[in-house]
Structure formats: C-alpha cells, structure tokens
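This report concerns surface patches and charge pairing in one protein model.

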Amino acid sequence: MIESEKNIILWDSNRPANKEKLVWLMHGYDETINHRSILKFIEKHSDTIRKDYLEWISKLNEIDIRGKKLKEHLEFEPDFSIWWMTLLSEKSIYKSQALFDCIRVLAVEKMVKINKPDSIRIYSNNKIIINTIKNYCENNKIIFSYSFIIKELAFNKIINLRTILPFFIKAPISLIKHIVKRWALREVRVKEWNSGSNAIFIFSYFIHLDKKSLLSNNFYSKQWETLPKLLINKNKKINWIHHFLTSELAPNSKKGNEWLKIFNHDSDNQGIHSFLDSFLSVKIILLTFGRWIKLCFKMLFFQKFLKKSIKRNNKGWLWPIFNKEWKASIFGSVAIENFLWIGLLDKAMKSIPKQELGLYLCENQAWEKAFIFFWKKNGHGELIGVPHSTIRYWDLRYFNKNELGENLLCEPKPDKIALNGPAAMNEYIKAEQPIDNIVEVEALRFLHLKDKVRKIKTSKNNTEKLNLLLIGDYVSSLTHLNLEM
C-alpha cells in the first residue's frame, strides 16, 4: 500500500521512470502498478490544495517585516499598495509557471502527510523544485536527497535573450518597446467626453470585433454583443476606453486609429472611443521610470529582511518557487509596466467627466487594480466588473481569500461583479468567495449562438445542419464526460 511507503521517490521528468520501484510521477496522468500520478492526486484533493494555495498567498502580504506588513512596505500612495499588481497577487496561469509548480509541491506536501515517509528522493532538472522540496524536508525533519537529470541539449535552439538578461535591463527595454509600438495611438485624443446622468463608461479590449460590422464602419464587440446597442436605444451615452491589441482587423496602431476616428464620427450611435495609450506623454514616461527606480532602490535594501520574515512564515519553504515572479514584479518588466498602467489610468480617470456607472471586462489582471483605485479616487460612480467568459476552477485570478484584520491598504474591488450563469456562481461559492456583491446575468459573449439555434429549430425541410467542433481532453475519462454533457 502507498500509505506504508517510507522512502518516497518523486520523478519530475518526462523521461520514463524506473518500473521496478514505487515512483510518484510529477508529470502525466498514466499510472501503472508502481507508478502514481501527482496530477491525479491533485484532482482527487483539488479543493484542499487550492484552498491551501489561496490562503498562503493571502497571508503573504500580511507578514510582518520590521514592524510593517509586506503590503505596507509596497504602499505607492495612501490606500493603494503595489502588492495587488504583483504576479504573486494576480495568480495568473497565463503569466506564471510558479502557480503550476506550487500546486504540485503542495500536492507532495499533502501526500507526505498521508504517507509519513522517512525520506524523499527527487529526480529532476528543475533547481527551483529541488530547492523547494529540500526546504520542506528540512523543516519537517525528513531525509532528503536528489539526482539532477541533465537536460537534452538542443543545438538548434536559438538563445532567448529575455531569459538571460538581468531584470534591471529587461525592464527599461520593455518600456521602450511599449512606447515605440503605442506612441502613434496618441493621435486620437478625445477632447469632449459624454457627461451627465445618461453617460456610461465601458473599459474594454480592442479585439474580438465583428468583421462584418467593422467593414460597414460599425463598432460591434463580440465581448459585449448587443448590450451597447441596448443602452443607446435607452438614450444612454457611452464612453469607451480600450486596451489596444493587434488583430487581423487592426494589425497596427495606424489602422486602430482609423477605426476609432470612424466610430467617433458617429458618436451618437456608436459612443466615444479612445485607447488607453492615447494618454501617453513624456511626463508619464518619466514618472514611470522614476517610480520604478525608486522602488528598485527601496526593495534592494529590503530583500534580506523579506527573506528572514518569509522563512519564519508558515509554508515559507515555498518561497523559491515565487522568487522569480517576485523579482519580475519589483525589479523587472512587470514592475515598470505596472507603473505605466498607474500613470495612464490616473490621467485617464482625471480626464473624463464624472461617470455615474462604469463597466469593465473583469479578468482580475494587475491593471484592473489600478483602474478600480483611480476610478474611485476621482469620484466616479458605481463600478461593475464583468467576467466575459466562464469561471474556470484553476483560473485562480478570480479567487481570493478574505483579508485578515483591518482594511488598511485592502485590495481594490468593484462594487459589483456580474457573473454569467449558475456554473460561475457555484464556483464562487465553492471557493468560499463573498457573494454579497454578485449579480447574476446573461453571458453576453454567447448571445450570438441564440440566432443559430433558432434558425435550426425553425428549419422546415431539416436540410440545415449544425456543425459542431468537439475538442477532446488528453484524459479519456474527461472526454467521455464532455460527450455526456
């Protein structure tokens, strides 16, 4: 039985493991007589492991460092902490490998508590995982050993400078690249915004636009579907600010500007549109660089005290996994990008007249924290976050543990969150999220499917066919589950 194993072997590699010994595989779902899958173990104990991860991240910003909490040391201005914009706080599966590594290591911790082994040996080429498991074993008086698996050399692989340059070099390079790509977006600057009680503000992304509508010079976002038209029909005036993202229909800044000019020429029917980067200026760029330099110098002195405090903290042995994300968020390109968002959003929220109601596409990304803060600081009205897709179980951006103690420098949050459907609501409840500010709504992004379904139902000769694309999972049992659904 697994529970009686006193010498645990962890196999952190895609190479075949020893078939003669009982091994816990940290990759893949396949199991044999002597092979156990950590990933399957995670699925079996997912609620507990996810809760452990969320609690550790939540308590991390509360740790005491020389008489102040971590988030207080990162206070940017009264009532706002840079902590909320770090990769650690954001918890994005799309931006950080640390989340995956942490979940796997937390699974190892739980598995160890069940098996109570005398020793752990890990085979891996991941120094971060090795050091983390080593720290855990030292804290729990478990004999630790490891074998380093040498990676296969890829002679044809091009060296990626982004992975080897110091954070201090990558940060200003990323700022320069952003300025070069986006400076032209300053061309479309809105001078007169919609104001008054009928004005509604929407923060969105300039992507997922309907091609047919666009070629007819009409703005139609598949992320918002018919909502803007409904609001305009009710005599509402819409102010739009977009994050510019390149696409087939807007491959560069020049084309993006052209579309905005067309929409703004018909502002009564299509609203007033602007890009966030239209607020770029030399002053904001200098402020961004200066704030980043100031933070770097402050936190260089701070590092040794941080490490000591984390070591004393519960599960402090996890820190090696997050060290890279921390440095990127404080010294690297993430940090300098966050200061750029702060400068742009501060200016944008000051520039627009008071808005009674605001909506934004909610993915709990770092920039959203700055947006919420400056929206409220500048006296605008009710703010509603709108997740435009489903709430996925392991997309931990949407889940936060309630903060401890007083509300000093608390996380900026919208007044309401508009969840689409019972599945999203159930995920929030399951993850112990507060639901007092939740509003249940329709899923705007999928409204276009109603017409297609209706067309098929009303077809008389039944010659119309509905083409479905079924994308299966790499786990056969999950594919069967999808088919049954």
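Helices (H or I, at least four residues) and strands (E, at least two) are DSSP runs, numbered from the N terminus. The model is predicted: local features need pLDDT of at least 70, side-chain atom pairs count only at pLDDT 80 or more, and totals for chains, interfaces and linings use all residues. Residues are numbered from 1 along each chain as its sequence is written, and side-chain values use heavy atoms, without hydrogens and water.

**Surface patches**

Patches consist of residues with over 30% relative accessible area and no salt bridge, like charges being joined within 9 Å and nonpolar side chains (Val, Leu, Ile, Met, Phe, Trp, Tyr) within 5 Å. Areas come from the Shrake-Rupley method with a 1.4 Å probe, and for residues only the protein chains shown count as cover. A nonpolar patch of about 630 Å² includes Phe168, Ile173, Phe289 and Leu300. Helix α13 gives the most to this patch, with four residues. Phe289 is located in α13 and is partly exposed, at 37% relative accessible area (buried means under 20%, exposed over 50%, partly exposed in between).

**Salt bridges**

The structure holds 19 salt bridges, each a side-chain nitrogen of Lys or Arg within 4 Å of a carboxyl oxygen of Asp or Glu. Three of them are tabulated below.

| Pair | N to O distance |
|---|---|
| Lys377 and Glu77 | 2.6 Å |
| Glu187 and Lys261 | 2.3 Å |
| Asp395 and Arg397 | 2.8 Å |

Lys377 is partly exposed, at 46%, whereas Glu77 is buried, at 17%. Asp395 and Arg397 are both buried.

Technical notes: Buried < 20%, exposed > 50% of the residue type's maximum accessible area, 1.4 Å probe, protein only.
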